[in-house]
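Have a look at the picture first, then work through the points below.

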Amino acid sequence: MERVIYIDHFQGAMRRVVVEDGIPVEVALDVGSTKDSVGSIVIGRVEKVMLNIGAVFVNIGMEKNGFLPLTEMIDCDATDISAAGKRSPLATGRELIVQVTKSASGDKGARLTMNATYPGKYCVLLVAAQTVGVSRHIEDTERRLHLESIAKSAQPDGMGLLIRTSAADAREEWITDEARRLHAEWNQVISRAKAQKAPAMLFNAGNLLDSAMRDLHGDIYQQPLPPSKTEKLRKALRRKIWLPSGAYLVIDHTEAMTVIDVNSGKCTTKGEFSQTMRNLNLEAAKESARQIRLRDIGGIIVIDLIDMRDDADRKAVLEAFVEATRGDRAKLHIHGFSPAGMLELTRRSVYKPFMQCRCTRCLGTGVEPDGDREPEPVSI
């Protein structure tokens, strides 16, 4: 697979587009509001304690306070920079180091955790855990055991270490050197936190160039996306997506979930009806997986495929969908088919989805307000 990464500026924002085998598969925007970018680490100040809903609201310097569940809180000196005696971490006004796990969306503020992770190219420092782990994508048993041994010897005292997929062929010294560097950088984060007043940024995870060099493998070009690929991207981000067979997808976003509807459209394939519908759904499942990754759709996702009566056909379509999601770096939980025949899954966004970016034309809806033609995203 050939992967090329383009980084340019578009409509006043930095844009990164990942192209695999000539097809755009990821889009990320940096519009300057990085305090709620997923992965960013911020000093926050507790504004409100809501024990009835099991959470506290934390001011991280954004329009909406962040949401920190009690289950994501820890009593740890490494993330508690205002520890005066035995003061409760639930006290209003308390300053905490928090990390964004989900960007702000609509009327909801960013979701936060105190179980921070600090990423490198080959490993991830687990600030509030003392465990080691190896990416599940590294399947060779002997290599996994060797990497786990490296992680145990390289993990800093009181912290954990997760070996990333990119370390599959890495030398031991590369991993151990990076682990030491990450620990030193985290200590600098703590030092900056003690010297600053909340709310303040400590680690910016929204820098597209830095994260591309750290997280992605491929040739990186800091230049505009070629016109041919720009046109492919525009077509790929419309509400209605045509498939080669003549069928099409319709993608709609609501507050609660995203729905992908599969329609037979102009499909005129001859042959047995059940086989035709199976092939159409296989095509739609693969394209749905690409669309979910391309748009960085998060939350509940429901795909309304064309009805299939044969369980074997459903199994084949589900397997095709799972296989098509293997390149997606987001955390997915594929629930399978519901009793109503819907393919259901949940996904955690990698970035702040560009469909949520505020725009003077679309007011944050992510579509052009033009009733005479099909709406299409403008922030790409």
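Let's start with R329, which counts as partly exposed because its relative accessibility is 32%. Keep in mind that this is a predicted model. R329 makes a salt bridge with E26, and the closest N and O atoms of the two are 3.2 Å apart. The pair ties together distant parts of the chain: R329 sits in the loop between helix 6 (311-324) and strand 19 (331-337), while E26 belongs to strand 3, 303 residues apart.

**Salt bridges**

- How many salt bridges does a search of the whole structure find? The search turns up 18.
- D296 and R347 form another salt bridge, with their closest N and O atoms 2.7 Å apart. This pair also links distant parts of the chain, as D296 is in the loop between helix 5 and strand 18 (299-304) and R347 is in strand 20 (residues 343-348), 51 residues apart.
- D296 counts as buried at 3% relative accessibility, and R347 is buried too, with a relative accessible area of 5%.
- Salt bridges with shared partners join R3, E20, E26, R293 and R329 into one network.

- Strand 2 (residues 13-20) pairs with strand 3 in the antiparallel sense, over 7 bridges. R15 has L29 in strand 3 as its bridge partner.
- The hairpin of strand 2 and strand 3 has 2 residues between the strands, and D21 there takes a positive phi near 50°.

**A second hairpin, and P69**

- Strand 5 (residues 55-59) and strand 6 (residues 66-69) run antiparallel and are joined by 4 bridges. V58 has G66 in strand 6 as its bridge partner.
- This hairpin has 6 residues between its strands, and G61 in the turn shows a positive phi of about 90°.
- Leaving aside residues up to four places away in sequence, P69 touches G54, A55, R111 and L112.
- M50 and P69 are 19 residues apart in sequence, and their C-alpha atoms are 9.5 Å apart in space.

- Strand 10 (residues 123-126) pairs with strand 12 (residues 160-163) in the antiparallel sense, over 4 bridges. L125 stands opposite L161 in strand 12.

**Inside helix 2**

- The 24 residues of helix 2 should span 34 Å at 1.5 Å a residue, and the end C-alpha atoms are 35 Å apart, which agrees.
- Several residues of helix 2 are buried, among them I175, L182, W186 and V189.
- The side chains of R181 and E178 meet in a salt bridge (3.4 Å, N to O). These two are about one helical turn apart because they are 3 residues apart in helix 2.
- R181 counts as partly exposed at 38% relative accessibility, whereas E178 is buried, with a relative accessible area of 7%.

- Helix 5 (residues 273-295) has 23 residues and reaches 32 Å from its first C-alpha to its last, close to the 33 Å expected at 1.5 Å a residue.
- K229, in helix 4 (residues 227-236), is buried yet has no salt bridge. What is the nearest side chain of opposite charge to K229? That is E2, 7.7 Å away.
- Not counting residues up to four places away in sequence, K229 touches Y6, V19, G22 and P24.

How values were computed:
Residues numbered from 1 in each chain as written. Predicted model: local features only at pLDDT ≥ 70, side-chain atom pairs only at ≥ 80, totals over all residues. Heavy atoms only, no water. Pairing = 2+ DSSP bridges. Expected span 1.5 Å × (residues − 1). Buried < 20%, exposed > 50% of the residue type's maximum accessible area, 1.4 Å probe, protein only. Lys, Arg positive; Asp, Glu negative; His and termini not counted. Salt bridge = Lys/Arg side-chain N within 4 Å of Asp/Glu carboxyl O. Contact = heavy atoms within 4.5 Å.
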